[in-house]
Protein chains: 2
Amino acid sequence: MADEALSAGAVARRLGIAVTTLRTWHQRYGLGPSEHVPGRHRRYTPADLIRLETMRRLTANGVAPAEAARWAVQAPDAALPGPGPRTGKRGARGGGGATIPVGRSGPAARGLARAAMRLDSNAINEVIDRAIRTDGVVTTWDTLLRPVLAGIGERHVATAALIEVEHLVSRCVSEAFAAVVRAHAPGGPPRILLSCADEEQHSLALEALGAALAEAGIAHRLLGARVPVRALLEAVDRTGPAAVVLWSQTRSTADPAQLTALLAGPHRPLLVFAAGPGWRADRLPAGVVRPVDLAEALSLAAAVRDSLDQSAAG
Amino acid sequence: MADEALSAGAVARRLGIAVTTLRTWHQRYGLGPSEHVPGRHRRYTPADLIRLETMRRLTANGVAPAEAARWAVQAPDAALPGPGPRTGKRGARGGGGATIPVGRSGPAARGLARAAMRLDSNAINEVIDRAIRTDGVVTTWDTLLRPVLAGIGERHVATAALIEVEHLVSRCVSEAFAAVVRAHAPGGPPRILLSCADEEQHSLALEALGAALAEAGIAHRLLGARVPVRALLEAVDRTGPAAVVLWSQTRSTADPAQLTALLAGPHRPLLVFAAGPGWRADRLPAGVVRPVDLAEALSLAAAVRDSLDQSAAG
DNA sequence: AATTCGACGCATGAATCGACGCAACTCGTA
DNA sequence: TACGAGTTGCGTCGATTCATGCGTCGAATT
């Protein structure tokens, strides 16, 4: 048992791809066992495995399969190309199989989609973490995560499938944001409260905002999904935040009364944000700010922090 | 040495296999008596018997014989790293005020409850992280997190308040588990799939199991809450896990048909666990294992550990 | 004398092979 | 904007290869 020669099935399971795909990779790209007699079963040595592992990692990062294969064949262990000048050319025509449509959202999005389809949480984490480290939370959210999540959402609305994929990716994103928050030491007491609207289940965008805030050194408090108005008011009452961000993803959860209640409470926050696509601008009570995207929400929140600092210093 | 040194025939009869097979197992897989001189008769010690018993049990469950043998040779019975020594003495006297009932769950629980009431996520994180680092995931879950969560739950069922507290704590717990998973490099391909039952919303216990698995060095895949049967089957089909853990918190989500569907699928898992208080033991289809608590689930899952992954990866 | 040993071979079912095709996606072009 | 060309992952099918449990045989062990 000293010689570890894995069968095709074992390797496929390990990589999270179909056995057929493994054969296809061998035929199309020459990426197969180093020694193989036609007609006989393939036996993958550890060295072959490393090559395949590289292939997987590259495709998970958005490299076109053909190119990734070429790469894996001649440089078994290869680091990823820098984020720099890699935007332009490309004659590759991506596509293929049961995937998630991400349109022209860049290679990282494609890689993320691929990893997601394989339910490969490790690869998913890897891609997300790298993106956040490289481009920051805001950019990652806008150009990577949101497109991919939207793609998955579209799909599973249409076909009622991929729900498990969406869950997994959501979890990974959530965890990545949490890691960002944990990594950046929270400076001072949190004066910004983030909360979902009543009945609202989607909190990912809020978590993105939270991570972005943490990244900018701004402490916050995040309540999470499905916060009843009463609980929200109680939380505001107990913690006395300077600003409250209320997220509503869909119209059905965007009851303006929640905002009004916030403004009418005993500990009225300085600023109330109505964030998310659910809110209708013309139905918002006076005194409520409605940021259009993550970046704007971030800068507004930062402004709150600054004004607080000044008033405290003066 | 009046010890039971069983002869080949006796062992074969006991295991219900042919004597020849016993010899074959020895030759092909090295699974034989620990001491044996070529040409002489084989004498099986009780230890050898255990190994063979494992082999038989695994193969009876559908594990490939070669794999089962490797398994049996290196891990006769799945023993697990026990948790550290119990913590507490300490007689801190808990105070009054609006708090959460945690019973006699120790000072950490009380501290956690207090931090939760303040919506102080930093403090919450701190307590949880420390507990996990000190006592491990299993103990922390059983003696700290579950009591506190249960306490909060009780309260807000009674008073319809504290919902925001529960959300916050849940989030923090979730993140802490995620951090554990991220910290422990997952070795090899995940062969264990964790999923909530259809409609089941509570996934925290599953996340605890996931973290415990990660702590023990066992890779897994966690789908999350509210996984439709169809999505679960699709995931099983695509990833071909060796074991599937299906969590049901309440009776209403514990539809045995889900388990049956799992067992009937094309990529039938070796082992199916019905975990959580929702399941009724007398309604489970044959072939389903029902662990009673986190520790048991962990040790059972450990028994399914994939033995194929010991190659160098990145 | 009853077993067991080691070697060899066989039957059988599972896994894999190679070829083919499908469906889905992207991109250039009209 | 719609459409065709190029990519790609993977399901299917009939044939082949492998893995595995076990029977048989002559010699050795107990």
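Me: Which residue of chain A forms a salt bridge with Arg171(B) in this predicted model?
Reply: A salt bridge is a side-chain nitrogen of Lys or Arg within 4 Å of a carboxyl oxygen of Asp or Glu. For Arg171(B), the closest N and O atoms of such a pair are 3.1 Å apart. The partner in chain A is Glu207(A).

Me: How many salt bridges does the rule find across the interface of chain A and chain B?
Reply: Over all chains, the count by this rule comes to 19 salt bridges. Across the interface, the rule also finds 11 residue pairs in polar contact, with both residues at pLDDT 80 or more. The number of salt bridges across the interface of chain A and chain B is five.

Me: Which element gives the most to the side of chain A that touches chain B?
Reply: The elements giving two or more residues to this side are α1 (8-15), α3 (46-60), α6 (121-159), α7 (163-183), β2 (221-222) and α9 (229-239) of chain A. The residues of this side divide into 25 nonpolar, eight polar and 16 charged. With 13 residues, the element that gives the most is α7(A).

Me: What area do chain A and chain B bury between them?
Reply: In terms of contacts, 49 residues of chain A meet 49 residues of chain B. Within chain A, Arg14(A), Glu164(A) and Arg182(A) lose the most area to chain B, together 17% of what that side buries. Carbon and sulfur atoms carry 49% of the area buried between the two chains, and the total is about 3900 Å².

Me: In which helix do Arg51(A) and Asp48(A) both lie?
Reply: The side chains of Arg51(A) and Asp48(A) meet in a salt bridge, at 3.2 Å from N to O. The two residues are three apart, about one turn of the helix. Both lie in helix α3 of chain A.

Me: Why is one side of β2 and of β5 of chain B left without a neighbour in the sheet?
Reply: The open sheet of chain B has five strands in the order β2-β1-β3-β4-β5, with parallel pairing. Strands β2 (221-222) and β5 (288-289) of chain B stand at the edges, so one side of each is without a neighbour because each has a single partner strand.

Me: At what angle does helix α9 of chain B run to β1(B)?
Reply: Helix α9 (residues 229-239) of chain B lies across β1 (192-196), β2 and β3 of chain B. Its angle to β1(B) is about 170 degrees.

Methods:
Residues are numbered from 1 along each chain as its sequence is written. Chains are lettered from A and ligands numbered from 1 in the order in which they are written. This is a predicted model: local features need pLDDT of at least 70, side-chain atom pairs count only at pLDDT 80 or more; totals for chains, interfaces and linings use all residues. Side-chain values use heavy atoms; hydrogens and water are left out. Two strands pair if DSSP finds at least two bridges between them. Helices (H or I, at least four residues) and strands (E, at least two) are DSSP runs, numbered from the N terminus. Contact means heavy atoms within 4.5 Å. Axes are lines fitted to C-alpha atoms, for helices over the stretch in contact, and angles run from 0 to 180 degrees between N-to-C directions. Buried area is the accessible area (1.4 Å probe) that two parts lose on being put together, summed over both. A polar contact is a pair of N or O atoms within 3.5 Å; within protein, one must be able to donate a hydrogen and the other to accept it, and residues adjacent in sequence count only if both atoms are side-chain atoms. Ala, Val, Leu, Ile, Met, Phe, Trp, Tyr, Cys and Pro count as nonpolar, Asp, Glu, Lys and Arg as charged, and the others, Gly among them, as polar.
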